[in-house]
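Hi there,

I am handing a structure over to you today. Please have a look at it first, and then read on for what was found in it.

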Amino acid sequence: MYNFEFEQPSTVAEAVAALADEDAQALGGGQTLIPTLKQRLASPSKLVSLAGIAEMKGVSIADGVLTIGGGATHAEVAADACAPLAALAANIGDPAVRNRGTIGGSLANNDPAACYPSAMLALNATIVTNAREIAADDYFQGMFETALDEGEIITGVRINVPDGANYQKFEQPASRFALVGVFVAKTAEGVRVGVTGASEEGAFRWTEAEAALNGSFSADAVPAAPSADGMISDLHGTAAYRAHLVAVLTKRAVAAIG
Amino acid sequence: MSQVTMTVNGKTASGDVEGRTLLSQFLRENLNLTGTHVGCDTSQCGACVVHVNGEAVKSCTMLAAEADGADVATIEGQANADGSLNTIQQAFQDHHGLQCGFCTPGMVMSAAALLKDNPKPSEAEIRDYLEGNICRCTGYHNIVKAIMAASGQDVSAIAAE
């Protein structure tokens with residue numbers, strides 16, 4: 001790991017100012033970034049830790065709206081979020097990783113196999129930054145690509161608590177990342193299906209399944225597997241296998257919601 | 001270089017660190033607390049688990065600077081005041097929960113974190129909680145048994161395999 005300066009501001013405004021320096025990089029819980037630095041795949045001149053910012057902490061539910069601070073750890077989401085999202089967070093990594101990793105860090109990184117992006121899409125979440133609010137549909141822009149500008153910080157996430165939701169994760173058994181993960185939610189805007197781990201374009205909504213499930217919410221209504229074109233193919237699974245998993249996991253999620 | 005100060009096993013500890021200094025490195029090289037082991041250095045194996053402000057973390061994947069001002073507990077602080085093994089450590093010895101011992105500091109620290117939140121975990125809960133702690137000797141069976149025994153549960157029915 002190359003050396004860097006370390007700063008830990010206590011407000012969002014201070015963090016934004018610190019990130020204005022060239023080659024400065026925000027640090028959430030570091031569970032992806034620190035291993036990346038060790039591999040010398042990144043070499044920021046300065047790390048700006050967001051862990052000391054009180055206004056980015058906490059998970060709360062009020063009037064049907066779930067608000068999660070960008071600095072909330074997976075363990076905190078698992079303890080305090082609405083049940084389907086709590087269950088998702090409780091199965092990320094391992095306990096020690098969940099005590100450090102944050103939802104803001106995960107969303108800013110947008111790993112194609114991370115769990116949260118599928119949930120954000122399915123729950124029609126609003127990603128709140130220091131500068132603006134971004135709808136989940138506009139936020140995820142491909143593998144490791146997001147709508148965030150340079151130096152922009154995810155300060156929180158806002159979600160309308162769904163009528164029903166379920167996440168099905170098919171774990172890659174060594175990494176425990178999702179080989180494929182499907183989050184199905186019944187929202188005020190209808191059924192939404194978010195998929196992670198499958199597409200080379202990163203997390204996406206399976207709109208064909210959404211249309212079918214809006215007609216009839218049952219596992220039998222889930223369409224045949226989506227096209228394998230553009231699905232990830234690697235030593236863990238072929239594109240066709242992943243496409244197949246998308247349909248199977250969607251059915252399981254729908255059956256679990258009932 | 002900048003100075004960090006933290007409480008480690010109840011005592012104040014300070015030192016000069018670079019931005020990139022890991023907590024595991026600070027504990028081992030600055031404070032000579034070499035009980036915290038670094039197995040994989042990629043946050044897979046859990047040999048480096050310590051508690052920071054009461055929560056289990058992988059100290060190889062946390063910067064020393066991030067622990068500035070924190071309350072840190074390591075394996076060196078686990079024994080009783082008179083130097084005898086604490087309940088978890090004694091259970092690991094009684095139930096042969098270790099062979100080479102390399103993973104043991106992390107196992108004991110993870111077990112302590114589990115039992116703090118869940119004083120009577122089931123076997124399945126223990127196995128699930130130890131997902132991030134790898135042991136290449138024991139096959140985990142006696143580790144799980146030791147943790148069940150440490151939580152005061154009867155393990156006589158669990159046959160050694």
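A word on classes first: Ala, Val, Leu, Ile, Met, Phe, Trp, Tyr, Cys and Pro count as nonpolar, Asp, Glu, Lys and Arg as charged, and the others, Gly among them, as polar. This is a predicted model, in which local features need pLDDT of at least 70 and side-chain atom pairs count only at pLDDT 80 or more, while totals for chains, interfaces and linings use all residues. Residues are numbered from 1 along each chain as its sequence is written, chains are lettered from A and ligands numbered from 1 in the order in which they are written, and side-chain values use heavy atoms, with hydrogens and water left out.

**The cavity**

The whole structure holds one cavity of 30 Å³ or more (a set of points on a 1 Å grid over the protein atoms alone where a 1.4 Å probe fits but cannot get out; lining residues have an atom within 4 Å of a point). The largest cavity has about 50 Å³ of space, a volume being the space filled by probe spheres set on grid points joined across faces, edges and corners. Its lining includes A:D94, A:P95 and A:A96 from one chain, and B:S110 and B:Y129 from the other. Five of the lining residues are nonpolar, three polar and one charged.

**The second largest pocket**

A pocket is an open set of such points with protein on both sides within 12 Å along at least five of seven lines. By class, nine lining residues are nonpolar, three polar and six charged.

**The largest nonpolar core**

Such a core is a set of buried Ala, Val, Leu, Ile, Met, Phe, Trp, Tyr and Cys residues joined through side-chain atoms within 4.5 Å. Buried means under 20% relative accessible area, exposed over 50%, partly exposed in between (1.4 Å probe, protein chains only). The largest core has 38 residues, and A:L85, A:L107, A:Y116 and A:M120 have the most contacts inside it. Its largest share, five residues, comes from α7(A).

**One glycine**

A:G181 sits in strand β10 of chain A and counts as buried because its relative accessibility is 0%. A:T196 is 15 residues away in sequence, yet 5.1 Å away C-alpha to C-alpha.

Best wishes

Technical notes:
Helices (H or I, at least four residues) and strands (E, at least two) are DSSP runs, numbered from the N terminus.
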